[in-house]
Amino acid sequence: MSREVRLEGVGLHTGERARVVLGACPGAVTLSSRGVSARIDQLEVAATARATTVQARGGGLRLGTVEHLFAALAGLGVVEGVEIAVEGPELPLLDGGAGAWCAALAELRVPSGSPRLRVTREAVLDVGPSRYELVPGADVDVAVRVELDDARLAADARWRGDPRDFVARIAPARTFALARDIDELVRRGLARHVDPACVVVLARDAIHHAGRPFSPDEPARHKLLDLLGDLYLHGGPPLGRVRASRPGHAANARALRRALDEGILAPL
């Protein structure tokens, strides 16, 4: 009998409930919704407003906020053997990071695989105010620097490819937002169902959080988590060093597409 794990929650950006079934099966990692299925390598970025939305089959498959699950797949090194079936317009927020996704994938007992991508040569890619520096190397090494103009926060986070370190340190990093962004979601009626323990809110006079303790580098670790999810969508994370300054979903998508098109990133 095939193994499967079910998860359910509310999407951050739509406020709608979503159900996800992760199933262990042979072959490539696939994503399906409303009867349409596609391999990860058949997906394309459809939108990047505050999250990564993917589509395939001419838009017949379209799902938002995929980056946290994709980060879990990247951090655990899962490159095949998982079917992801989704009911809803976006993936649920769950714990606000990738911890719940990692736990679910661990239940499937899917083995890790080897990286599928490598950095072929040194390059610097500028996308607006964001900068991506890539250097060939024998190991996975991904780092970010965030610039939030907030002395309370640490700017840097780094991950060197260890799945255990990802689970312990990167996966728990929660989604964060500026207070004014949360106010906008509330006005749209979308944030009222979100568990406050799943989101860190950065206000001028305080950092609001519940549940797990907050540390100054948590926003940077979450930006790193997001980058790993976006890298996974493009075949990564690669062997080699990737340094991203002021990363964001839109800039990630443009930089990674350019790196692939120019051969800076290439399949192993």
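Which residues does Leu-22 touch, not counting residues up to four places away in sequence? With contact taken as heavy atoms within 4.5 Å, the list runs to Arg-3, Glu-4, Val-5, Leu-7, Leu-69, Glu-83, Ile-84, Trp-101, Ala-104, Leu-105 and Leu-108. A word on the ground rules: this is a predicted model, where local features need pLDDT of at least 70, side-chain atom pairs count only at pLDDT 80 or more, and totals for chains, interfaces and linings use all residues. Residues are numbered from 1 along each chain as its sequence is written, and side-chain values use heavy atoms, with hydrogens and water left out.

Leu-22 also turns up in the largest nonpolar core, which has 66 residues. A nonpolar core here is a set of buried Ala, Val, Leu, Ile, Met, Phe, Trp, Tyr and Cys residues joined through side-chain atoms within 4.5 Å; buried means under 20% relative accessible area, exposed over 50%, and partly exposed in between, using a 1.4 Å probe and protein chains only. The members that touch the most other members are Leu-22, Leu-43, Phe-70, Leu-73, Ile-84, Phe-166 and Leu-228. Helices (H or I, at least four residues) and strands (E, at least two) are DSSP runs, numbered from the N terminus. There is also a second, separate core of six residues, with Leu-12, Leu-93, Cys-198 and Val-201 among them. In soluble globular proteins, nonpolar side chains tend to be buried together.

Helix α5 also holds Glu-218. This residue counts as buried because its relative accessibility is 3%.

Next come the aromatic rings. Rings of Phe, Tyr and Trp (its six-membered ring) pair if their centres lie within 6.5 Å; planes under 30 degrees apart count as stacked, over 60 as edge-to-face and the rest as tilted. The count is two aromatic pairs. Phe-70 and Tyr-232 make a tilted one, at 5.8 Å centre to centre with 55 degrees between the planes. This pair links distant parts of the chain, since Phe-70 sits in helix α1 (residues 67-76) and Tyr-232 in helix α5, 162 residues apart. Both Phe-70 and Tyr-232 are buried. Trp-159 and Phe-166 pair edge-to-face, at 5.8 Å centre to centre and 65 degrees between the planes, and both are buried too. Arg-116 lies over the face of Tyr-232, 5.0 Å from the ring centre (the rule asks for NZ of Lys or CZ of Arg within 6 Å of the ring centre and within 35 degrees of the ring normal).

Arg-116 is also in contact with Pro-267, as are Leu-117 and Arg-118, leaving aside neighbours within four places in sequence. Pro-267 belongs to strand β18 (residues 265-267), and counts as exposed because its relative accessibility is 62%.
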